[in-house]
Amino acid sequence: MKVLLLKDPKDKDSGPDPYVKELGLYGFEATSIPVLSFEFISLESLFEKLSHPECYGGLVFTSPRALEAIKICLKENSKNEAWLKSLKQRWNTKPAYVVGKATASLVEEIGLIPQGDKSGNAEKLAEYICSREKPDSSALLFPCGALKREVLPTALREKGIPLESLTVYQTTQHADLQQALSRYFSQQGIPASVVFFSPSGVKFCLQHIQKLSGDFINHIKFAAIGPTTADAMEAAGIPVCCTAESPTPQDLAAGIQKALRPRNC
């Protein structure tokens with residue numbers, strides 16, 4: 001059975017895509033199609049803030065893209081030198097809160113130690129941060145996207161924990177999305193399952209998938225990588241057959257296996 005993953009394929013140079021590999025262990029033939037493009041902004045402002053760790057109580061990351069923004073900054077020799085010489089060590093005296101394992105691995109790549117990576121979503125990460133931070137302490141620096149949800153900022157604000165957000169990327173539809181979807185459906189037919197990885201993916205893909213599937217759309221089991229994406233799917237009128245217990249290849253594959261058994265949904 002075929003599974004369509006609405007996400008960027010992993011770079012082939014770094015090995016097989018973990019989602020494709022894990023689904024393959026269950027006998028599924030998975031294909032990834034890139035849905036989103038990202039434009040990085042305010043990078044000078046970002047590094048200016050990173051240059052003053054004394055002004056902040058720590059860092060918060062809810063997206064791998066925020067780490068990509070930092071890595072772009074560090075490509076400049078002078079900034080990388082400053083980071084390696086002192087900034088990295090100074091930030092490592094403060095917490096770097098992350099929402100999941102993918103973000104945690106990127107935090108480690110820039111030399112920081114992630115905390116909270118088992119949270120899995122913004123709600124649980126907010127609970128974790130609130131259990132460890134004191135009200136009215138120094139603000140946490142939160143590099144984020146233009147489409148960020150307000151769950152985490154609201155939860156921290158209600159507990160009196162200051163958070164300084166900085167928008168460092170904007171999300172747009174991938175230029176080849178419509179063509180890639182059309183090519184997939186014409187070559188491989190209707191997939192047994194389609195997995196959404198973000199609310200933006202729902203926004204950009206749903207109309208195309210409905211058109212390409214036609215009357216067969218009711219045969220597709222739709223899955224979500226997490227509760228935020230599931231909420232967006234339900235709001236768009238998509239029946240959610242499976243939400244991964246945590247945003248990992250293992251939990252997603254197990255959930256799809258269960259969803260595709262008879263009498264589900």
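The model I have open is a predicted one.

**Entry 1: β1 and β9.** I started from V3 and looked across to β9, where S193 stands opposite. I then checked the whole pair: β1 and β9 run parallel to each other and share 4 bridges.

**Entry 2: the other flank of V3.** I looked up V3 against β2 as well, and its bridge partner there is A30. K2 has its opposite number in β2 too, namely E29. For the pair as a whole, I find β1 (residues 2-6) joined to β2 in the parallel sense, over 4 bridges.

Entry 3: Next I traced the strand order and got β2-β1-β9-β10-β11, 5 strands in an open sheet with parallel pairing. Which strands stand at the edges? I get β2 (29-32) and β11 (240-243); each has a single partner strand, so one side of each lacks a neighbour in the sheet.

**Entry 4: what packs on it.** I went looking for a helix on the sheet and found α9 (residues 199-213), which touches β1, β9 (193-196) and β10 (221-224). I noted the angle as well: the direction of α9 makes about 155° with that of β9.

Terms used
Residues numbered from 1 in each chain as written. Predicted model: local features only at pLDDT ≥ 70, side-chain atom pairs only at ≥ 80, totals over all residues. Heavy atoms only, no water. Pairing = 2+ DSSP bridges. Helix = DSSP H or I, 4+ residues; strand = E, 2+ residues; numbered from the N terminus. Contact = heavy atoms within 4.5 Å. Axes fitted to C-alpha atoms, helices over the stretch in contact; angles between N-to-C directions.
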